[in-house]
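Please walk me through this structure, one part after another.

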Amino acid sequence: MQLIDEKSATLAKKVSGKFITPLLVAGILICLVNAIIACYLIYQESSVFQKTVRAEVKTQTIDAANQISEKLAGIMNDVNNFADRITRLEDKQDTLGFLRHEFYQNSNLFSLSTTFKPYAFDPTRKYVAPYYERLTDEEKEFELTGYDQNSTEFSWYNRPLKEGPIWTEPYYEPVNSVLMTTYSVPFYQSEKAREAGEAPLGVVPSDVSLDHLTTDLKQIQFGAGGYGIIFSSKQNLISHPVFSHVREGESLNTLKHKDGFNYLNKIDKCFADDLTYAFYNGEVMDNDEDYAACAHIPQTDWILITRMSADMFQMDKDYRRKSNIGAISWIAASLILIILLLTRYKQITWSQNNIWISIILVTGTVASLEFARSLNTLEEDSTVVITNTAQREAFISNYDAQLTQLRLDLPDYISTGLMVDSLEFVNANNIHLTGIVWERFETPRPEHIAPEIAFNEAIESDLKLAYRQTLPTGEEVVGWHFSVVIRQELDYSKYPFDHKNIVIRLTASNIGSNTVLVPDLEAYEKLGKTDNPAVAKDIVLEEWTLKQSYYKYTYQHFNTNFGINGHGFQEISPELNYSINIERSFLGPFVTTLLPVMVMVCLLYACVVSMPYTPYGELRNNITAVVFTILLAHYSIREHLQINEVVYFEVFYFLLYVIATVFMLIAHYYYRAKALDLNSKHFKRVAIVWYWPILTSAIYVITIWTYY
């Protein structure tokens with residue numbers, strides 16, 4: 001009977017052995033194919049994403065340039081036609097009436113004039129240049145004089161007489177407080193005089209407000225913080241959301257050295273003579289500057305530069321993280337099966353097999369943790385990040401347009417600033433913050449706006465007046481020292497590889513007032529996310545590392561009007577926040593949690609290795625001591641975090657409990673087999689040889705389960 005059992009076992013081993021190799025080969029092929037497919041999909045997604053970004057940026061930029069070109073072309077066509085009709089007039093005395101009729105009939109023209117050469121219209125009158133304009137809401141009529149002077153101020157008159165039709169360099173007109181450019185066309189005594197090459201009789205100038213030309217530019221969707229700017233043919237800035245840059249006559253050379261315009265040094269191709277279109281992505285520039293493109297406006301040789309906010313093109317980080325972890329898993333599975341196949345053919349020993357498998361799994365775990373760290377999503381999709389004045393002005397413009405569309409009153413904007421001096425975790429969800437907060441008001445400050453501010457989500461708040469001053473500009477600034485404890489739900493599930501996004505929510509104290517706080521960006525020297533403008537440089541964060549901080553807006557919705565009639569637009573009410581992104585420093589958790597676990601894993605393995613040489617009672621006592629140490633370390637983590645959820649690293653302690661229990665069971669059967677003179681080698685092999693592969697496999701699975 002025993003002989004039959006041995007033969008049956010031998011036969012079963014041979015039969016199963018025939019299938020192991022084909023199964024390993026098939027598994028390797030399946031894993032390799034899936035790994036290749038996963039890597040290809042990642043590459044394809046990245047490629048498609050870049051193509052989508054390029055196509056969208058190009059479409060937006062070209063469309064914006066075309067809209068400006070169409071307006072310029074329309075003005076040029078109207079002025080050219082009018083100049084031709086003046087040239088064809090036999091009696092030039094009819095010009096004045098004809099001019100008046102054309103201006104009031106053609107609403108596309110913002111100004112119009114027929115400027116005759118001195119004494120050309122009437123020998124007794126030196127200057128005849130009636131001028132009509134509607135650059136502002138009011139229509140005006142007056143006479144131009146002194147335009148024959150040889151100065152750049154009158155280039156709209158002198159240049160067309162020599163060069164023909166021209167667009168002047170845009171200039172600031174202080175009377176109407178507008179930036180404008182002039183299209184000027186010469187007219188002649190007659191058609192024959194023009195064909196004969198005779199000198200013009202005068203010019204027809206038409207002024208155009210840059211605001212009119214860039215209206216469509218402001219309405220184009222560049223993203224929450226995106227915007228467009230325009231440089232003239234002489235590289236002077238003529239359009240920017242922050243009008244002060246334009247009014248002060250900034251040029252390319254002066255802007256290159258200013259904060260917020262550093263990207264101009266990296267897009268020099270935009271100012272090449274042969275420019276048609278150029279694209280720049282975040283890799284060429286930097287993360288804070290998103291995407292940029294530029295296009296040529298042929299009528300005036302202007303350069304349009306668009307900056308697209310990254311929120312328009314953000315790749316799905318969750319999907320990308322899962323794709324990367326999936327690809328790693330298939331690659332790891334392929335390598336493990338190859339190692340098992342080599343072991344089967346005795347190319348490597350079982351000890352080498354287990355070492356390599358453990359190394360592969362540890363490497364896969366580390367790679368997965370890195371992807372989880374770098375591809376995390378902290379901000380909601382509805383968040384509007386503000387890191388420069390242009391983004392702020394773009395946000396205000398977009399918000400005003402939204403309210404106008406809904407037929408709601410426009411709000412009062414209050415410039416608000418913040419400086420955080422200290423940040424400390426009181427417990428898992430309460431954060432104590434101290435610093436200075438201020439508000440800046442235009443003078444005179446409206447009576448319905450009081451200098452006051454509140455911190456939302458604050459369970460403790462103490463504000464003390466720090467200063468109240470009137471600036472030389474006439475503005476009033478009120479500042480407070482604050483000490484607040486804010487309560488915020490934070491995610492600790494990924495401890496110790498976790499990030500925290502601490503959000504300071506600011507609001508006007510009077511909840512019924514139609515006011516919106518805007519960041520006082522002019523009060524900071526640097527505004528980039530990594531510059532952490534509103535956080536003290538010497539702030540102490542203990543076990544945390546400050547990654548970035550920035551102002552942002554979130555849209556809050558409350559299911560109530562707080563008893564205030566008419567207070568019903570909460571769904572579109574923006575709340576000013578300041579986000580502080582911190583990342584847990586690895587050294588602290590490594591010393592307090594990871595290192596003790598590594599030591600306990602090694603001690604447990606030492607107990608496993610010593611099993612053949614240690615009496616059962618002593619081995620049991622050793623394992624019990626290790627488990628007790630694990631319990632103390634586990635309790636220490638729970639006491640430190642003070643949370644109700646189970647965190648990622650805490651699962652390792654549960655894993656050690658399971659491994660210790662399983663090992664105690666294996667040791668029991670090992671000593672039992674030795675006592676009965678049975679074969680105990682397979683218990684020893686399972687305990688000693690497969691200890692590390694099983695442990696690293698469990699860690700890898702836990703990591704994938706947590707971060708996938």
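Two strands pair if DSSP finds at least two bridges between them. Helices (H or I, at least four residues) and strands (E, at least two) are DSSP runs, numbered from the N terminus. This is a predicted model, in which local features need pLDDT of at least 70, side-chain atom pairs count only at pLDDT 80 or more, and totals for chains, interfaces and linings use all residues. Residues are numbered from 1 along each chain as its sequence is written, and side-chain values use heavy atoms, with hydrogens and water left out.

Start with a hairpin. Strand 18 (residues 458-470) runs antiparallel to strand 19 (residues 476-487), and 11 bridges join them. Within this pairing, Tyr-467 stands opposite Gly-479 of strand 19. Five residues lie between the two strands, and in this hairpin Gly-474 has a positive phi near 95°.

Five strands form an open sheet in the order 10-9-13-12-11, and their pairing is antiparallel. Which strands lie at the edges? They are strand 10 (237-239) and strand 11 (277-280), each of which pairs on one side only. On average, neighbouring strands of this sheet are turned by 25° against each other, direction ignored. Such angles run from 0 to 180 degrees between N-to-C directions, with axes that are lines fitted to C-alpha atoms, for helices over the stretch in contact. Strand 9 (residues 227-231) pairs with strand 10 in the antiparallel sense, over two bridges. Here Phe-231 has Leu-237 of strand 10 as its bridge partner. In general, strands of a sheet pair through backbone hydrogen bonds, either parallel or antiparallel.

The cysteines come next. A disulfide is a pair of cysteine sulfur atoms within 2.5 Å. By this rule there is one disulfide. Cys-270 and Cys-294 form it, with their sulfur atoms 2.0 Å apart. The torsion about their S-S bond is about -85°, so the disulfide is left-handed. It links distant parts of the chain, 24 residues apart: Cys-270 sits in the loop between helix 8 (252-255) and strand 11, and Cys-294 sits in strand 12 (residues 291-297).

Are these cysteines buried or exposed? Buried means under 20% relative accessible area, exposed over 50%, and partly exposed in between (1.4 Å probe, protein chains only). Cys-270 counts as buried because its relative accessibility is 1%. Cys-294 is also buried, at 0%. Cys-39 has a relative accessible area of 37%, so Cys-39 is partly exposed. Cys-602, at 45%, counts as partly exposed too.

Helix 13 (residues 616-641) has 26 residues. How far should they span? At 1.5 Å a residue the answer is 38 Å, and the end C-alpha atoms are 38 Å apart, which agrees. That expected span is 1.5 Å times one less than the number of residues. The buried residues of helix 13 include Leu-619, Ile-630 and His-634. Its buried residues pack against strand 23 (573-584), helix 12 (587-609) and helix 14 (650-675). Packing rests on contact, meaning heavy atoms within 4.5 Å. After helix 13 comes Gln-642, with a positive phi near 55°.

Last, the cores. A nonpolar core is a set of buried Ala, Val, Leu, Ile, Met, Phe, Trp, Tyr and Cys residues joined through side-chain atoms within 4.5 Å. The largest has 98 residues, and Ile-580 and Tyr-653 are among those with the most contacts inside it. Helix 14 gives the most to this core, with 12 residues. A second, separate core of 56 residues includes Ala-65, Leu-255, Ala-292 and Ile-297.
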